[in-house]
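Okay, everyone, thanks for coming. Have a look at the sequence and the structure first, and then I'll walk you through them.

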Amino acid sequence: MRATKSVIRDKANGEDIRTGLSEEAIRLAFLDNLFYLQGRTLELASVGDKFMALAYTVRDRMLHRLVSTVRTYQQTDARTVCYLSAEYLPGPHLDHNLLHLGILDTTRKALATLGVDLDALVEHEEEPGLGNGGLGRLAACFMDSLATLAIPAIGYGIRYEFGIFNQVLRDGWQHEATDTWLRYGNPWEVRRPHIAFDVGIGGRTEAYTDETGAVRRRWLPQEIYRGVANDTPVLGHGVHNVNTLRLWSAEAAEGFDFQAFNQGDYAGAVVRKVRSETISKVLYPNDEPESGKRLRLLQQFFFVTCSLQDMLRILGNNGRPVTDFPDKFAVQLNDTHPAIAVAELMRLLVDERRVDWDEAWDVTRRTFAYTNHTLLPEALETWPVELFAHVLPRHLEIILEINRRFLDEVRARFPGDEDRVRRMSLVDESGGRRVRMANLACVGSHAVNGVAELHTRLLGETVLRDFHDLWPQKFRNKTNGVTPRRFLVLANPELAALLTRTLGSGWERDLERLRALERHAGDPEFQREWRAMKRARKTALAGFVRRRLGFTLDPDSLFDVIAKRIHEYKRQHLKLLHVVTLYNRLKRDPRAAITPRTFVFGGKAAPGYATAKLIVKLATAVGDTLRRDPDVAGRLQLVFLPNYSVKLAQWVYPAADLSEQISTAGKEASGTGNMKFALNGALTVGTLDGANVEIRDEVGAENFFLFGLNAEDVARTWSEGYEPRAFYEVDAELREAVDTIASGAFTPEDPTLFHAITHHLLWHDTYRLMADYRPYVDCQDEIDRRWADTEDWTRMSILNVARMAKFSSDRTIAEYAADIWKAGAVDVKL
C-alpha cells in the first residue's frame with residue numbers, strides 16, 4: 001500500500017511531479033510539499049504553509065534547470081560574467097519564477113481547484129531587502145537579463161540577515177524598523193556549506209624568504225572568519241538557462257569555545273560567533289561612528305575575497321592555470337563598493353599563488369571593469385589610511401605599490417604637472433590621508449563606464465576627467481535598462497494582455513516589437529482599450545491605498561507620481577512647492593480651473609539624513625492639510641506611500657499618468673524609475689538629467705514635458721554666482737508658496753518646523769529649486785491643458801510605450817557582453 005501511494009505521488013499522467021509543468025503535476029507536487037515539508041494538510045495549513053509548499057514546488061523545477069545549466073557551462077568551459085554588487089533588490093520571487101517557467105496561469109488554475117488563491121500567496125511573500133534603491137534594483141534587472149540572454153553569470157553579494165529598514169510613518173515622521181525578511185525562512189536559496197572560504201582581518205604583515213631565496217611579504221591576520229555560500233537560482237525567460245545569485249553569510253572559523261563554556265564563561269564561549277556574524281548582519285550599518293566605518297569596510301572586503309576565492313576554485317576545478325583568470329571570468333564592479341577587489345586579486349595572485357607582480361597586474365587589469373554610478377564627488381567612496389592599515393594592512397601595502405607605479409606613469413605622460421598627480425593619486429594626502437576607491441577602480445580596470453550618455457560625458461569632464469585624459473579608450477557608455485518581465489508583464493497584466501492581443505507573443509524578450517504600436521496610437525478603439533487598461537491599474541492602486549492607509553483616491557484624477565529615494569538633489573520639495581502653489585490658487589479662488597490631481601509620493605530617507613526626513617514630514621503634513629480642507633476636496637489630494645519597495649512599486653508604476661523626474665540637471669547618473677513609468681504609459685515631466693535625455697530623444701520631444709536648467713546652466717550658476725532669493729522676490733507665487741510653508745500653515749502645532757528647508761532655499765539652494773520653480777510650474781500648467789485633451793494624452797501615452805525598446809536591460813546587457821565582457825550565449829537543453 002505504501003509503495004502504491006509513492007508511485008501515485010511521484011507521477012502525474014506520466015510526468016514526474018518534481019519537474020512536470022502540467023496542472024496536475026503542479027497540484028500534486030503542491031500537496032506533496034505541503035504534507036511532507038510543512039507537515040500540514042490543506043485544511044490545517046496557514047497562508048504561510050501554502051506559500052512555502054508552492055515555493056518548494058517551483059524551486060524543484062528551477063533546480064532541475066540549474067543542474068542542467070551547470071553541467072552545460074562546465075562542459076563548454078564558457079566565459080562567465082561575475083557581477084560584484086553590495087546590493088541586490090530582486091523583489092518577490094514567486095510570481096517572477098512562475099512567469100519565467102511559463103506556468104503562471106497553469107499554477108493559478110491548479111491552486112484554484114484546491115480553493116487556494118495564488119494572489120494571496122504572492123502577496124504573502126517577504127521581499128528580500130538586500131539593497132537601498134536603484135543600485136540594487138539595477139543589479140537584479142541585470143541578473144534577469146543575463147539569464148534571459150543565456151549568458152553564463154554569477155552574481156556575488158552579501159546575504160544580509162537584516163535588509164534595508166522598513167519605513168514606518170508616525171505622525172508624519174519617518175521611523176525605521178528592522179527588516180526581518182528571513183524570519184520565516186527563505187525557500188529559494190540553497191545553502192552550500194562546502195563552498196566556504198577564510199576571511200582574514202587585521203593583524204600585521206612581515207617579510208620572509210621563500211624556498212627559492214626570494215624575499216616576499218605575507219599577511220598574518222589577527223582574526224579569521226568564514227564566508228559560506230548561499231545560492232539563489234535566477235531563471236531566464238523563454239530559455240532553460242538558470243544562473244546563480246551567490247550571497248555570502250559570515251560565520252566564525254570556530255563558532256563555540258568549549259573550554260570557555262566549561263569554565264562558566266557562557267557569553268565568552270560564543271563571542272567569536274557573534275562578532276563574525278555581525279559582518280553579514282545588516283545592510284549598510286551607520287558609518288558615522290568609527291565602528292560603523294570599520295564594519296562597512298569589512299563587509300566590502302568580506303564578499304569580495306569570498307567571491308574571488310570562489311572564482312579561483314572554479315578555475316582550478318576546470319584544470320586551468322591562474323593566469324587564465326581573465327579568459328574565464330569577466331568581473332564587473334558595480335560602483336566603488338567592491339573596488340577593494342583590485343588589491344585583493346593582486347594579493348591572491350602575488351602572495352598566495354606566487355605570480356610575478358607584472359603578470360599579476362596584467363591579469364588583474366584584464367579581469368575587472370568598473371561601472372560608476374554617481375557624479376557627486378562626496379559619493380565617491382574613500383577610506384582613512386589609518387583604518388585601512390588596521391583592518392587590511394597587506395592590502396594597503398599593495399595599494400601603495402600600485403599607486404607608486406601608477407604615478408610614475410602619470411608623471412611620464414604629464415611631466416611637471418604635480419597638481420594632476422595629486423588629483424589622480426590613489427591616496428588623498430590633503431587633510432587626513434584617505435584611500436580613493438574610485439581611483440583604484442579606474443586604475444585596476446580595463447573599462448570604465450557610465451550609465452547614461454549625459455552621465456558618461458560628465459564623468460569624463462568632471463569627477464574622472466584626469467583618468468579620461470590619460471585613458472580615453474577605457475571610457476564608454478552603457479545606458480541602464482529595466483526588465484520588462486517584472487515591471488510590465490507582472491506589474492501590469494492588463495497592458496501585457498493588450499500588447500499580446502495586438503502584437504502577438506514574444507515582445508517580452510524583444511521590446512523592439514513595441515514599435516508596431518505606433519500605427520495604433522491614433523485609433524479610437526485602441527485608445528479606448530488603452531484608457532480602460534490605465535483606469536484598471538489606477539483603480540487597483542486606489543484599492544491598495546484604501547486597504548493599507550484608509551484613504552480614498554479618485555481614479556479619474558490625474559495620478560501625478562514621484563516615487564524614489566528621498567534626497568535633496570531628487571527635489572521632492574520642488575514637487576511640494578508646486579502642490580502648495582495649486583493649494584494657494586484654490587484658497588484664493590475656490591472656483592479656479594485646476595485639473596483634479598492625486599499626488600503620490602513614495603521613498604525612504606537615509607536614517608541619518610535629517611533634511612530628507614524633514615521633506616518626508618513636509619509631504620505628509622501637506623497631504624493631511626489637503627484632506628482636511630473642504631476648499632480643495634475632490635480637486636487635490638496627496639498620499640505618501642510608506643515603505644516603498646519593489647512589491648509596492650509594481651502597484652505604482654502602472655497607475656501613474658505623470659512621472660516626475662525632476663532632479664537637478666547633472667546630478668542623477670541615470671535613473672531607472674523614469675524608464676519603468678514610461679514603459680507603463682506614464683508621460684514624463686523632467687529636466688535634461690540622467691537618462692531623461694535619452695528617453696526624450698526616443699519618445700520624441702513633443703511627448704515629453706521638459707523644463708528647467710540643463711547641466712551647463714547649473715554649472716554656470718556655480719561659476720558666475722547665484723542668488724536664490726532674487727527669484728523669491730520677483731515671483732509672487734513662489735514667494736507665497738515658500739511663505740506658506742515657513743508660516744507653519746501645515747504644522748500649526750510647530751510653526752517653525754520647516755524653517756530649515758525654507759532658509760536653505762532662500763540663502764543657499766544647492767540644488768537650484770528657486771531657479772527652476774517658474775519653468776516647472778509653467779510646464780505643469782501646460783500639462784493641465786494637455787490632459788484636458790483625452791485623445792491627445794492617450795496618443796502620447798501609447799507612443800511612450802512604443803518607443804521604450806532602448807531601455808530594456810536586455811539591450812544593456814547585450815552591449816556589456818559584446819563591448820566589455822566579450823561573453824557569448826550558451827544554449828542549455830534539459
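**A histidine and its neighbours**

Let's start with H337, which touches A86, L135, Y284, R296, Q300 and E381, leaving aside residues up to four places away in sequence. By contact I mean heavy atoms within 4.5 Å. Before I go on, this is a predicted model, where local features need pLDDT of at least 70, side-chain atom pairs count only at pLDDT 80 or more, and totals for chains, interfaces and linings use all residues. Residues are numbered from 1 along each chain as its sequence is written, and side-chain values use heavy atoms, with hydrogens and water left out.

So where is H337 found? In the loop between β12 (329-334) and α12 (341-352). Those labels are DSSP runs numbered from the N terminus: helices are H or I with at least four residues, strands are E with at least two. H337 counts as buried because its relative accessibility is 8%. For the cut-offs, buried is under 20% relative accessible area, exposed is over 50%, and partly exposed is in between, with a 1.4 Å probe and protein chains only.

**The whole chain**

Stepping back, the protein chain has 34 helices and 24 strands. Its C-alpha trace spans about 90 × 85 × 60 Å along the principal axes. The radius of gyration is 28 Å, which agrees with the value near 28 Å for a compact globule of 830 residues. That radius is taken over C-alpha atoms, and the globule rule is 2.2 Å times the number of residues to the power 0.38.

How much of the chain is buried? Buried residues make up 61% of the 830. And if you take contacts with a separation of 6 or more, 75% are between residues 24 or more positions apart.

**Salt bridges**

Now the charged pairs. Side chains of opposite charge can pair when their charged atoms come close. How many salt bridges does the structure hold? There are 81, where a salt bridge is a side-chain nitrogen of Lys or Arg within 4 Å of a carboxyl oxygen of Asp or Glu.

Take R485 and D810, whose side chains meet in one at 2.7 Å, N to O. This pair links distant parts of the chain: R485 sits in helix α20 (residues 484-490) and D810 in helix α34 (residues 809-821), 325 residues apart. Both R485 and D810 are buried.

Next, the side chains of R585 and D781 form a salt bridge at 3.0 Å, N to O. R585 is in helix α23 (residues 572-588) and D781 in helix α32 (residues 769-787), so the pair ties together parts that lie 196 residues apart in sequence. R585 and D781 are both buried. They also belong to one network, in which salt bridges with shared partners join R585, R588, D731, E733, E736, R774, D778 and D781.

One more: E352 and R347 meet through their side chains at 3.1 Å, N to O. Here E352 is partly exposed, at 49% relative accessible area, while R347 is buried, at 8%.

Last stop. Most residues other than glycine have a negative phi. A150 is not a glycine, yet its phi is positive, near 65°. A150 lies in the loop between α7 (134-148) and β4 (153-158), and it is buried at 9% relative accessible area.

N643 isn't a glycine either, and it has a positive phi of about 60°. You'll find N643 in the loop between β21 (636-641) and α25 (646-652). Is N643 buried or partly exposed? Its relative accessibility is 23%, so N643 counts as partly exposed.
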